[in-house]
Amino acid sequence: MELKNSVSILMSKFSINYRVMLFVFISLSVMLGFGVSVIIPSINRVFNSIEGIEVLASIKDSFVGFLNGDSTMRELLNGLSKGYNGIIGLINSSNFPFTFWVTIVSIFVLLRFATAVCYPIITDIINNFMSSNMKYGFTSSMVKNAKKSILFSACYTLVTIPIDAIIVAIIFGFMSIMLPMLNIFAFMFGLLLAIILLALRITLLSGILPTMIVEGENNFFKAFRTSWGSVKKYFKHYFAAMCLTIFVFYCFTVTFFFVTFGTILFVLSAVIINYIHVLELVHYYGSKNMRYYVDSNTIVNTAPIIDRIDLQEELLDNDEK
């Protein structure tokens, strides 16, 4: 039921996907621009050195000699191999590897922070719709929740980056053990482990944003403690839904990535970000026995039958008949 209602709400507020897609695209473009502006000058310093010019010249001479018929294919391959080893040696002897990896990690952290800024905005828009069928603009919600969004994003990045690093370490350790024994089948079990661990991480933090937006809590860590009671109520259902969601996202990405030249990632990223936060609110409302809109004409009442006078009267009328 929660999955069905979440899909209905996502369809009702589908226009948010376009805003989030644009938000993700701008964030990624800015981060990539930052990365290129740092990495390219480092590469230029390596290849503009005397050693770098000599290596590039040797590679060029190998090609020219082969095209002019002065050298054989074997000599060309030997020249390219020598040039490749020379380039690797130059890179390793410079500070480029350090600069490269620091830049990559910085981009990942900054992109996580920038993307997470929109999470409270999405949750606020969906909450207004679910609670009162109110239509709230993305920009208006961004201005309204600016401070909360930045504080949430900073704490979310601080918490999730180490968790994700642990998940990656676990998966690499698992693959290093299983790959020699299972060969290619190890990737299937590695994928399953990755889905389970990522779904577990998302599930454990799923009550924070609903608590901050619906209950007005501004402290990230206090919201986590407050929400834990609700999370325990729907843990199994939400965890199963997350495993299914991540698996479907993976299947769609693998199927359509090359056909769409990678643009499917922007579309699916926006959809899955919105869907996760809709699912969080649906389970939160259910744990609190609250009613909510799934579309403009349909309200779902999650209260037990014993607390619903409308259903009690309907059951009494059926018994009398």
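Contact means that heavy atoms lie within 4.5 Å of each other. By this definition, valine 20 touches Ile122, Phe138, Ala270, Ile273 and Asn274, not counting residues up to four places away in sequence.

## Basis of the report

This is a predicted model, in which local features need pLDDT of at least 70 and side-chain atom pairs count only at pLDDT 80 or more, while totals for chains, interfaces and linings use all residues. Residues are numbered from 1 along each chain as its sequence is written, and side-chain values use heavy atoms, with hydrogens and water left out.

## The nonpolar cores

A nonpolar core is a set of buried Ala, Val, Leu, Ile, Met, Phe, Trp, Tyr and Cys residues joined through side-chain atoms within 4.5 Å. Here buried means under 20% relative accessible area, exposed means over 50%, and partly exposed lies in between (1.4 Å probe, protein chains only). In soluble globular proteins, nonpolar side chains tend to be buried together.

The largest nonpolar core has 52 residues, of which Ile9, Val20, Tyr119, Ile126, Met130, Phe152 and Tyr292 touch the most other members. Helix H12 gives the most to this core, with 11 residues; helices (H or I, at least four residues) and strands (E, at least two) are DSSP runs, numbered from the N terminus. Another core, of eight residues, lies apart from the largest one and includes Val55, Ile59, Ile87 and Ile91.

Which residue does the side chain of asparagine 274 join through a polar contact of 2.5 Å? The partner is asparagine 17. A polar contact is a pair of N or O atoms within 3.5 Å; within protein, one must be able to donate a hydrogen and the other to accept it, and residues adjacent in sequence count only if both atoms are side-chain atoms.

Asparagine 274 is placed in helix H12 (residues 264-287), and asparagine 17 in helix H2 (residues 15-47). Asparagine 274 counts as buried because its relative accessible area is 2%, and asparagine 17 is buried with 1%. Leaving aside neighbours within four places in sequence, asparagine 274 is in contact with Leu10, Ile16, Asn17, Val20 and Ile122.

## Aromatic pairs

Rings of Phe, Tyr and Trp (its six-membered ring) pair if their centres lie within 6.5 Å; planes under 30 degrees apart count as stacked, over 60 as edge-to-face and the rest as tilted. By this rule there are 15 aromatic pairs. The rings of phenylalanine 235 and phenylalanine 239 are stacked because their centres are 6.1 Å apart and their planes stand at 10°. These two residues are four apart in helix H11 (residues 220-256), so about one helical turn separates them. Phenylalanine 235 is partly exposed at 24% relative accessibility, and phenylalanine 239 is partly exposed at 22%.

Phenylalanine 252 and phenylalanine 256 also form a stacked pair, with 5.8 Å from centre to centre and 25° between the planes. Both lie in helix H11, four residues apart, which is about one turn of the helix. Their relative accessibilities are 40% for phenylalanine 252 and 34% for phenylalanine 256. Elsewhere, ring pairs link Tyr119, Phe152, Tyr156, Phe220 and Phe221 into a cluster.

## Cysteines

A disulfide is a covalent bond between the sulfur atoms of two cysteines. It is counted here when two cysteine sulfur atoms lie within 2.5 Å, and the count comes to zero. Cysteine 118 is buried, with a relative accessible area of 0%.

Strand E1 (residues 291-295) and strand E2 (residues 298-301) run antiparallel and are joined by four bridges; two strands pair if DSSP finds at least two bridges between them. E1 and E2 form a hairpin with two residues between them, and aspartate 295 stands opposite threonine 298 in E2.

Most residues other than glycine have a negative phi, and most peptide bonds are trans. Asparagine 289, in the loop between H12 and E1, has a positive phi of about 55°. Asparagine 133 has a positive phi of about 60° and is found in the loop between helix H6 (118-132) and helix H7 (138-144). Asparagine 289 is partly exposed at 38% relative accessible area, and asparagine 133 is partly exposed at 24%.
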